[in-house]
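Subject: Structure for you to take over

Hello,

I am handing over the structure below. Please look through it first; my notes on what was found follow directly after it.

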Amino acid sequence: MAKVAFLGLGVMGYPMAGHLVSAGHSVTVYNRSGAKAASWSGEHKGSHQPTPREAAAGQAIVFACVGNDDDLRSVCLGDDGAFAGMDEGALFVDHTTVSPTVTRELAQAAAAQGLRYVDAPISGGQAGAENGVLTVMCGGAQADFDEAFPVIDAYAKKCMLIGPIGAGQQTKMLNQICIAGLVQGLSEAVALGQALELDMEAVLDVISGGRVIFGMGRGTGRVEFDGFSVAMPEARARFAESADMILTEESLSLVERARQTARRSRQLIRQNLSWAVLYNASVMPLAVRASAMVRRLSPRSRIGSTTGASCFA
């Protein structure tokens, strides 16, 4: 069994680190909130340290699952960062969804210190982390992936090496684009149903048993798209808020707006920006405009006044 550190005990990292202990690995954790690290240690009989450097010292593999690019830099770099405490030849595996740019930056910093690096963003949401059935998409050297794979297996149902460093994050970006498209499609269906004056409670009830709609949330009373989870009644309203297709003259511009969105998305991907930037620049403006259109064209709807961005809250 491996001797590992896990940095970051959020809604994903907390259960993931617990699965490592259950699989028999020796786990030392670090969390920005020391109280949460202490709570995890008491629950899982592991150990915790006050800094990433101390948690990483002497570990064969150091895992991280934090919030964003800056959070990842903060736990890796500096006098108290993980890289400063890791032994030469040790492996760093990052599960955070960050930009390929920061991934390559940190991989280069790791290599300069004789460390190895795998970017391994995850998909499956909080439920996937708690149940140990995440999907992990990796970028790095084959030998490094082969070393990490049997440890990652403690909380993954699928783990694949896609390509060199950065390929994991690029794959996660494509995953999120697919999710955005699904949410937009659901939004359009709800808004169109309202425009046709259908009973949307009945419509959603009958199609929720289908192969595509709400499949991940079936039986839970919630809709979940790769970590974005809301209660079913709230989801129905939020999907409608971000609708972008109504059978009116205004919908004639849909094709052109889709082309513009695709063009912006391609530009952002070329720039290796993160999914958060991609969403804010391409998807959210479309959703905000659509939200106003839905409220204007469906005065009898029970839709609130928040923007379409809330469908990802």
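Gln59 counts as buried, because its relative accessibility is 5% and buried means under 20% relative accessible area, with exposed over 50% and partly exposed in between (1.4 Å probe, protein chains only). This is a predicted model, in which local features need pLDDT of at least 70 and side-chain atom pairs count only at pLDDT 80 or more, while totals for chains, interfaces and linings use all residues. Residues are numbered from 1 along each chain as its sequence is written, and side-chain values use heavy atoms, leaving out hydrogens and water.

Gln59 sits in the loop between α3 (52-56) and β4. Helices (H or I, at least four residues) and strands (E, at least two) are DSSP runs, numbered from the N terminus. The side chain of Gln59 makes a polar contact with the side chain of Thr28 (3.4 Å), and the side chain of Gln59 also reaches the backbone oxygen of Ala55 at 3.2 Å. A polar contact is a pair of N or O atoms within 3.5 Å; within protein, one must be able to donate a hydrogen and the other to accept it, and residues adjacent in sequence count only if both atoms are side-chain atoms. Apart from neighbours within four places in sequence, Gln59 is in contact (heavy atoms within 4.5 Å) with Lys3, Val4, Ala5, Thr28 and Ala90.

Next, strand β4 (residues 61-64). Ile61 and Phe63 point one way from β4, Val62 and Ala64 the other way, and all are buried. Strand β1 (residues 3-7) runs parallel to β4 and is joined to β4 by 4 bridges; two strands pair if DSSP finds at least two bridges between them. Val4 has Ile61 as its bridge partner in β4. β4 also pairs with strand β5 (residues 91-94), again in the parallel sense over 4 bridges, and Ala64 stands opposite Asp94 in β5.

His95 lies in the loop between β5 and α6 (100-112). How accessible is His95? His95 is buried, with a relative accessible area of 1%. A polar atom of the His95 side chain is 2.7 Å from the backbone oxygen of Ala120. Not counting residues up to four places away in sequence, His95 touches several residues, including Phe6, Phe63, Ala64 and Tyr155.

Further along, strand β8 (residues 134-139) and strand β9 (residues 156-163) run parallel and are joined by 6 bridges. Gly163 in β9 is the bridge partner of Gly139.

Regards
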